[in-house]
Number of protein chains: 2
Amino acid sequence: MTDVAQRRRSRGTGGGAARRAERTAVNVEVARFITRNIPNFEVLTEEAIEVIEYNAETVLEEIGVVFANNPAALDRWRDAGADVDGDRVRIPRGLARKLCATAPSTFTQHARNSDRNVEIGGKNLVLAPVYGPPFVRDIDGGRRYATIEDFRKFVKLGHMSKWLHHSGGTVCEPTDVPVNKRHLDMLLAHMTLTDKPFMGSVTEPSRAQDSVDMCSILFGEDFVQQNTVMTSLININSPLTFDDVMMGALEVYAKNNQACIVSPFIVGGAMAPVSVAGTLTQVLAETLAGVAYSQLIRAGAPVIMGAFVTSIDMNSGAPTFGTPEASQITYGAGQLARRLGLPYRSAGGFCGSKLPDAQAGYESANSLNMGLLSGVNFMLHSCGWLEGGLVSSFEKFVMDADQLGALHHMAKGVSIDENAQAMDAIREVGPGGHFLGCDHTQRNFKEAFWRSNLLDYKPFEQWSEEGGRDTVTLAAEKVQHMLNTYQPPALDVAIAENLAAYVEQKKASMPDAFA
Amino acid sequence: MTDVAQRRRSRGTGGGAARRAERTAVNVEVARFITRNIPNFEVLTEEAIEVIEYNAETVLEEIGVVFANNPAALDRWRDAGADVDGDRVRIPRGLARKLCATAPSTFTQHARNSDRNVEIGGKNLVLAPVYGPPFVRDIDGGRRYATIEDFRKFVKLGHMSKWLHHSGGTVCEPTDVPVNKRHLDMLLAHMTLTDKPFMGSVTEPSRAQDSVDMCSILFGEDFVQQNTVMTSLININSPLTFDDVMMGALEVYAKNNQACIVSPFIVGGAMAPVSVAGTLTQVLAETLAGVAYSQLIRAGAPVIMGAFVTSIDMNSGAPTFGTPEASQITYGAGQLARRLGLPYRSAGGFCGSKLPDAQAGYESANSLNMGLLSGVNFMLHSCGWLEGGLVSSFEKFVMDADQLGALHHMAKGVSIDENAQAMDAIREVGPGGHFLGCDHTQRNFKEAFWRSNLLDYKPFEQWSEEGGRDTVTLAAEKVQHMLNTYQPPALDVAIAENLAAYVEQKKASMPDAFA
């Protein structure tokens, strides 16, 4: 794998723990994050962009946004020149965009294994797994509430997935652990079971602080102060509302120079207007305000403009995924993000299906393709998402993760060097021949075409004799094989002990809470 | 459905039979063919295009193409200025491109119901079903050889599919009918069971002539001579070989001003070099020669530049579908076709899966999306394709046909009229509200978002109580419902009798042949 080799040669700097870990790590082949060599697909005309940008500023100026239960935020906005009335913040035309200018257009998120560092922004695409589902599903156990053991399994699968660059955050909700202690077990899993980068907790400012403190143990305190080691998900309460819990977490992260995704969470028709242009206007207004606020906390703090947007089925009220309007919004929001010079988070392996069946395949492929072509820089939910995000599916995790390989190859673009032109091959074979044995094919076939490591390519007879397995069955076998052969990446023993001690001490300091 | 209403208002001209049919036709809602209001996605740089175009001319000039067993074709090429050596035709640089210039950039294919006429070329996309499989599959009967009764069922399903514009050709091979008589039964089915446009036979020149003759009965002889009423599929024997059977059929069609798709059939690595640029070079050389030849038969005859291209799995030798290299070739070939000013045929709902499962969903969605974004004008195989084209699947037919609706909505692009801007809605709802009940939503929700008529959007509990059906099960139920409620479009009784008599007389004139 050339990408991997290249990555190893151009090794960045890392913490002491990272360097120690590398020396003994079990080798898992992981692809370098994607750097696109293909253009972005753009659905908005210049005129459409200008209308939407103008309207978004009108929304901020005229209607404003709410920063709820957050007097300090209101003070910051007042000082910055906004018109604050109660908890409503009206932002003069141009101010938010000006504040956003200090946010970096690209940044490095460090992993404890520096080979796994990711560059977020520019032409890059970093792939992270599903986030948030309270349920899990697998072929044997069906649908059930997620546990911390499920969580650990997903982190292990993520660690072993070649095309996945990031371990993510809440890969499922470990509902068997008290709400106020979950984040500790989740962080510990990401820190010990994989050496890929990960996300911090956002469900309380104190849990964001725990995330920073545990990272200080893992990476070293100085390293964390000087580098970004977490990218965390801050949702906006669309429409136009920023709650104190999420903003409190953002404040902790921005202060510590840790990255946040500031992301509207929109089911179009419910949390935004039932039109593409209207939804894009609201997305832009909300992210302008959110990103600007991050820069009021610390100018230069890394931040990603997010857009989690889908459409609604007006018959049932259910969110729908992989739909054309969601694609248009995703393409359009990418154009708006690039105009702001901000990294862009959107898309994922989205589907509404209850099962990892054909519906899941169609909808997820629609979403993954639009993610690649829309210029997304950070793709959360790129694998494992099922049932509108209510379920993390083990089989779907490896099915999507396999498809992510296709995105890598698509992004390479088309080479026209002499070897790729293949004129020698066309001359050698001539009319009526075949290329299977020709020199050019022999030299190139191993790297020429992307090949799934999951899907069925066998002749019908062989496939039939081997039981006629469908995709879910093949995926379930792969899940088992991966979990059976998983080995944790090496970690300095003292660091592992200190992390465990931190978790134990924190847990002991609080009564359990389940809501 | 606005598209349909619009189409009905702007009715084109048609034959007498078409007009008679319309007056009594059972109403089936059919969308107008797609006219894109979105850009094409282009992977080739200007430099890459120039390299490929230069190399394709080198192939034609230096290596040349073979026109096998076809002395008349060799004479035509010699007269046109090519260097003919045995059956090898070497075409001087620039000649083929010059000959292609007389082919129209867009043409109308007429249907017997003029509401169903399609415009092929420009920004349009016409969707046609799967072509060629010897097997069929359904949920109850499994995989088996296709019969004429299966064929008729597919034509009926196509007739009732809202998003399908074209009835196609060999939707499956009716293997229970002698090889030399199949085309008669197939044509009769397309002519009587649907009023959508269709394809002619290409397996013998005489069968192409039968197709023209039967069209003369259906549309009237004068109408056929003055209008294009068939678009037929002429495959090139890649690499660089044009066989006499396919070319004989093309000659019949071009003489009669009927349209052909001139299409390399390439599994990359076997029939073309194992590289994207090399395959594109060969595709361009082959289509330049094939399209040029159609213009030697009759300058101005309608012709489509085709590219059926996929990659090979170098482990098993199986063709693979929905892969990134196939996408790159499809995007690139679209750029080359537009440079030639020719309508472009490619893509489809391609998959290698044996079952209509998640693999089929991923691969088909990958292919359908690339078809929309690559500027394809005529998409054969847009629904029903399974197992690498060996199987026509009843369930997959309706699954794909449903997804074709998403392509229609995606192609509409993003409106920015005042209603779409939705500033009144954002003002009315304000921070923290919801849009479900607001005026703008009430006015727009019915048309705002595409909605699947097949996939599951129900709450988990309801879905579960109703049996937890997967996509294939839902599709099988839809197939049954469609076949149970199918009604044939009205057809003039005399025409129907004349068509049946033609088929009967032709069949009686030949002994059965099964190979």
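Because the model is predicted, local features need pLDDT of at least 70 and side-chain atom pairs count only at pLDDT 80 or more, while totals for chains, interfaces and linings use all residues. Residues are numbered from 1 along each chain as its sequence is written, chains are lettered from A and ligands numbered from 1 in the order in which they are written, and side-chain values use heavy atoms, with hydrogens and water left out.

Start with the two copies.

Now the interface. Chain A gives 110 residues to the contact, and chain B gives 110 residues. Contact here means heavy atoms within 4.5 Å. Of the interface residues of chain A, 100% are also interface residues in chain B, so the copies meet through the same surface. The two chains bury about 9,100 Å² between them, 69% of it on carbon and sulfur atoms. Buried area is the accessible area (1.4 Å probe) that two parts lose on being put together, summed over both.

Polar links cross the interface too. There are 44 residue pairs in polar contact between chain A and chain B, both residues being at pLDDT 80 or more. A polar contact is a pair of N or O atoms within 3.5 Å; within protein, one must be able to donate a hydrogen and the other to accept it, and residues adjacent in sequence count only if both atoms are side-chain atoms. Helix α13 (residues 358–373) of chain A supplies the largest share of the side of chain A that touches chain B, 10 residues. Helices (H or I, at least four residues) and strands (E, at least two) are DSSP runs, numbered from the N terminus.

The rule for salt bridges asks for a side-chain nitrogen of Lys or Arg within 4 Å of a carboxyl oxygen of Asp or Glu. It finds 6 across the interface of chain A and chain B. Over all chains the count is 54. In one of them, Lys354(B) pairs with Asp456(A), with the closest N and O atoms 2.5 Å apart. Lys354(B) lies in the loop between β15 and α13 of chain B, and Asp456(A) in the loop between α17 and α18 of chain A, so the pair joins two chains. Asp456(B) and Lys354(A) also meet in a salt bridge, at 2.5 Å, N to O.

Turn to chain B. One open sheet has 4 strands in the order β3-β4-β2-β11, with mixed pairing. Strands β3 (83–85) and β11 (241–242) of chain B stand at the edges with a single partner each, so one side of each has no neighbour in the sheet. Strands pair if DSSP finds at least two bridges between them. β2 (residues 65–67) and β4 (residues 88–90) of chain B are antiparallel over 2 bridges. Val66(B) has Arg88(B) in β4(B) as its bridge partner.

Asp138(B) lies in its strand β8 (residues 135–138). The side chain of Asp138(B) has a polar atom 2.5 Å from the backbone nitrogen of Gly141(B). It also makes a polar contact with the side chain of Arg144(B), at 3.4 Å.
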